[in-house]
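I set out to record what I looked up in this structure, entry by entry. The notes begin with the loops and then turn to the ligand and its surroundings.

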Amino acid sequence: PQMSEEQEQLIATLIEAHHKTYDSSYSDFGQFRPPVRKDEFDSSDDCSMPEAPTDCSFGSSTPGESSMNSGNLGLLASFENFGQSASNMTSPFSMLPHLSDLVSYSIQKVIGFAKSIPGFRELNTEDQIVLLKSSVIEIIMLRSNESFSSEDNSWVCGSEEFKYSISDVTQAGHNMELLEPLVKFQIGLKKLNLHEAEHVLLMAICIFSPDRPSLLERERVEAIQERLSETLRAYIVCNHPPPSSHLLYPKMVQKLADLRSLNEEHSKQYLEISREAGDPSDLTPLLLEVFGSPLS
Ligand code: DZW
């Protein structure tokens, strides 16, 4: 088919919205709480007490208290820390504050992108929230492909400090059950060599998934997704040369299926992290609102 004027316009709108909400220079990352990488080979746990073997308990607070501790360090410390009561308890997830800020920031950008997709603002507010809450982690996975490097399986966001490895994400509390398929997903997506038009259409199609639980007006969501999918198919036929266009549309649809399973695994791990995080303020209010709070 030929592309209609309306379809051309839709693509132009999505690309502009993406440019306004994805900063390829990553210049805001310096405002996040800083990444703290635990040195994999030094297990001396950063106690700032280099030589003295007397008191390296991570729970002790006052000098007087710590002298009482000598002799039964581990046991007493573990009681003091039990239930997050110790004020200076070191978080087990050193990268969590940075990841929380990165993801919170990204959520706000994704909301901005969604709001500029034709039809989104016209939906009832409840459905707007349902669509965003259910898709936002999937969109973050999709958009992060722009910073992903298949060379060394990392996300490269400017400086060395903001170059993220799998190990960085495990230091934020996630594990390989999410990370292995997530990295495979990134590699597979990178291999599709999507045009920018295809990349933004895939994100828009993902947001407008009519099968998200508890949607009030599925048909309207489905109609918008249909319009986006039709535009994607037409774009590929008209603008994507073979051989890379071969089966491209079904491969993109498969990526949407992969995202569902990644989303599910993320939810499980998030719940565990939010329960185990040493300090609730490692997360952000927006994260608690979008992915749920262990309380409530
Ligand atoms: C510790 C820092 C590592 C950052 C690597 C991020 C890679 C990435 O459960 C939560 C809410 C606490 C955390 C949820 C994130 C789980 C893992 C995950 C990571 C899932 C999806 C994507 C990533 C994304 C990388 C970037 C973005 C967030 C983009 O918005 C911008 C840029 O491409 C970097």
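**Entry 1: Two loops**

I located Asn193 in the loop between H7 and helix H8 (196–207); helices are DSSP runs of H or I with at least four residues, numbered from the N terminus. The phi of Asn193 is near 50 degrees, which is a positive value in a residue other than glycine. I noted that the model is predicted, that local features need pLDDT of at least 70 and side-chain atom pairs pLDDT 80 or more, and that totals for chains, interfaces and linings use all residues. Residues are numbered from 1 along each chain as its sequence is written, and side-chain values use heavy atoms, with hydrogens and water left out.

I then turned to Pro243, which lies in the loop between helix H9 (218–239) and H10. Pro242 and Pro243 are joined by a cis peptide bond, with omega about 5 degrees.

**Entry 2: The ligand**

Which residues come nearest to the ligand? I found Tyr22, Ser106, Ser147, His174 and His266, out of 22 residues around the ligand; a residue counts as near if one of its heavy atoms lies within 4 Å.

I looked up polar contacts next (pairs of N or O atoms within 3.5 Å). A polar side-chain atom of Tyr22 is 2.8 Å from an oxygen atom of the ligand. For Ser106, a side-chain N or O atom lies 2.8 Å from a ligand oxygen atom. For Ser147, I also read 2.8 Å between a side-chain N or O atom and an oxygen atom of the ligand. The protein covers 99% of the 810 Å² of accessible area that the ligand has on its own (Shrake-Rupley method, 1.4 Å probe).

I recorded the shell by class: 15 nonpolar, five polar and two charged residues. Here Ala, Val, Leu, Ile, Met, Phe, Trp, Tyr, Cys and Pro count as nonpolar, Asp, Glu, Lys and Arg as charged, and the others, Gly among them, as polar. H4 provides the largest share of the shell, four residues.

**Entry 3: The cavity**

How many cavities of 30 Å³ or more does a search of the whole structure find? The search finds one. A cavity is a set of points, on a 1 Å grid over the protein atoms alone, where a 1.4 Å probe fits but cannot get out; lining residues have an atom within 4 Å of a point.

The largest cavity holds about 670 Å³ of space, a volume being the space filled by probe spheres set on the grid points. Among its 36 lining residues, Leu99, Leu102, Val103, Ile140 and Ser144 are the closest to its centre. H4 gives the most to this lining, with nine residues. By class, I noted 24 nonpolar, eight polar and four charged residues in the lining.

Notes. Polar contact = N/O pair within 3.5 Å; in protein donor to acceptor, adjacent residues only side chain to side chain. 1 Å grid on protein atoms, 1.4 Å probe; cavity = no way out; pocket = protein on both sides within 12 Å on 5 of 7 lines; lining within 4 Å.
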